[in-house]
Amino acid sequence: MANIYLPVGSVTGTATAVANVLAETLNAAGHNALVDANASVAALNAQSWDAVLVVTSTTGQGDIPANLRPFYVQLDEQFPLQNGRPFGVVSLGDSSYDRTFCNAGALLEERFFELQGKAPIPRVTIDATETSTPDDDALFWLKEWMEVALA
Ligand SMILES: Cc1cc2nc3c(=O)[nH]c(=O)nc-3n(C[C@H](O)[C@H](O)[C@H](O)COP(=O)(O)O)c2cc1C
């Protein structure tokens, strides 16, 4: 059984819905997953999480959604070293924003690498122009992530 923290960044609810489905799947597999739509470093530090799974859309011009932005800034300011803790990033976007496609997920992944987190598999990008079932795409990726991150 693993404790997994899921910080979520979402503007219109798609990423939140995906995070909830991922958490349900993790919990059904016997883990303890917590979705946090107001993620903070305080919450990250409050429990001994076994893994972190960020689920975020991209807004503006490659920006992190407002509800996840404070977490990103706190990670920079407080620099909580991850010491090899496994993390994963599920990144939702739209490839018609070709220069900033899924940039928020890329920023979060980069930050967790800076903090010495370990990504067992690369982040997944989910393109709104290519799929109408983001949950299924995320679940497909989650299966592999669970096998390696929570082994
Ligand atoms: C105003 C606006 C700006 C967006 N900017 C980007 C962007 O820069 N890059 C990208 O990949 N997707 C962008 N998107 C697409 C969203 O990330 C995508 O539709 C996502 O599925 C929305 O998820 P959410 O409902 O959780 O916010 C933008 C969408 C909107 C409405």
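Are tryptophan 141 and tryptophan 145 buried or exposed? In this predicted model, tryptophan 141 is buried, and tryptophan 145 is buried as well. Both residues belong to helix H5, which runs over residues 134–149. They are four residues apart there, about one turn of the helix.

A pair of aromatic rings is described by the distance of the centres and the angle of the planes. The structure holds six aromatic pairs. One of them joins tyrosine 5 and tryptophan 49, whose rings are stacked, with 5.1 Å from centre to centre and 25° between the planes. Tyrosine 5 is part of strand S1 (residues 3–9), while tryptophan 49 sits in the loop between helix H2 (41–46) and strand S3 (51–57), so this pair ties together parts that are 44 residues apart in sequence. Tyrosine 5 has a relative accessibility of 0% and therefore counts as buried. For tryptophan 49 the value is 6%, so this residue also counts as buried, the cut-off being under 20%. Tryptophan 141 and tryptophan 145 form another stacked pair, with 6.0 Å between the ring centres and 15° between the planes.

Together with Phe71, Phe87, Phe112 and Phe113, they form one aromatic cluster. A further contact of a ring involves a charge: the charged end of arginine 111 sits over the ring of tyrosine 72, at 4.0 Å from the ring centre.

Strand S3 also contains threonine 56. Its relative accessibility is 0%, so threonine 56 counts as buried. Along the chain, threonine 56 and alanine 19 are 37 residues apart, and their C-alpha atoms are separated by 8.7 Å.

The next topic is open space. Rolling a probe the size of a water molecule over the atoms shows where empty space is left. The largest pocket holds about 370 Å³ of space. Its lining is made up of 21 residues, and those nearest the pocket centre are Ser57, Thr58, Leu92, Gly93 and Asp94. Sorted by class, the lining of the largest pocket has 12 polar residues, eight nonpolar residues and one charged residue.

Backbone angles give another view of the loops. Most residues other than glycine have a negative phi, and most peptide bonds are trans. Asparagine 83 has a positive phi, near 45°. This residue is placed in the loop between helix H3 (69–78) and strand S4 (87–93). With 63% relative accessibility, asparagine 83 is over the 50% cut-off and therefore counts as exposed. Glutamine 116 likewise has a positive phi, near 65°. Its position is in the loop between helix H4 (103–114) and strand S5 (124–127). The relative accessibility of glutamine 116 is 45%, so this residue counts as partly exposed.

The UniProt record, an unreviewed entry, carries the annotation "domain: Flavodoxin-like" for residues 4–146. In the model, that span is 39% helix and 20% strand. The C-alpha atoms at the ends of residues 4–146 lie 11 Å apart.

Note on methods. Residues are numbered from 1 along each chain as its sequence is written. This is a predicted model: local features need pLDDT of at least 70, side-chain atom pairs count only at pLDDT 80 or more; totals for chains, interfaces and linings use all residues. Side-chain values use heavy atoms; hydrogens and water are left out. Rings of Phe, Tyr and Trp (its six-membered ring) pair if their centres lie within 6.5 Å; planes under 30 degrees apart count as stacked, over 60 as edge-to-face and the rest as tilted. Helices (H or I, at least four residues) and strands (E, at least two) are DSSP runs, numbered from the N terminus. Buried means under 20% relative accessible area, exposed over 50%, partly exposed in between (1.4 Å probe, protein chains only). A charge sits over a ring if NZ of Lys or CZ of Arg is within 6 Å of the ring centre and within 35 degrees of the ring normal. On a 1 Å grid over the protein atoms alone, a cavity is a set of points where a 1.4 Å probe fits but cannot get out, and a pocket is an open set with protein on both sides within 12 Å along at least five of seven lines; lining residues have an atom within 4 Å of a point. Grid points are joined across faces, edges and corners, and a volume is the space filled by probe spheres set on the points. Ala, Val, Leu, Ile, Met, Phe, Trp, Tyr, Cys and Pro count as nonpolar, Asp, Glu, Lys and Arg as charged, and the others, Gly among them, as polar. UniProt positions are given in the numbering used here, feature names are shortened, and annotations may be inferred rather than shown by experiment.
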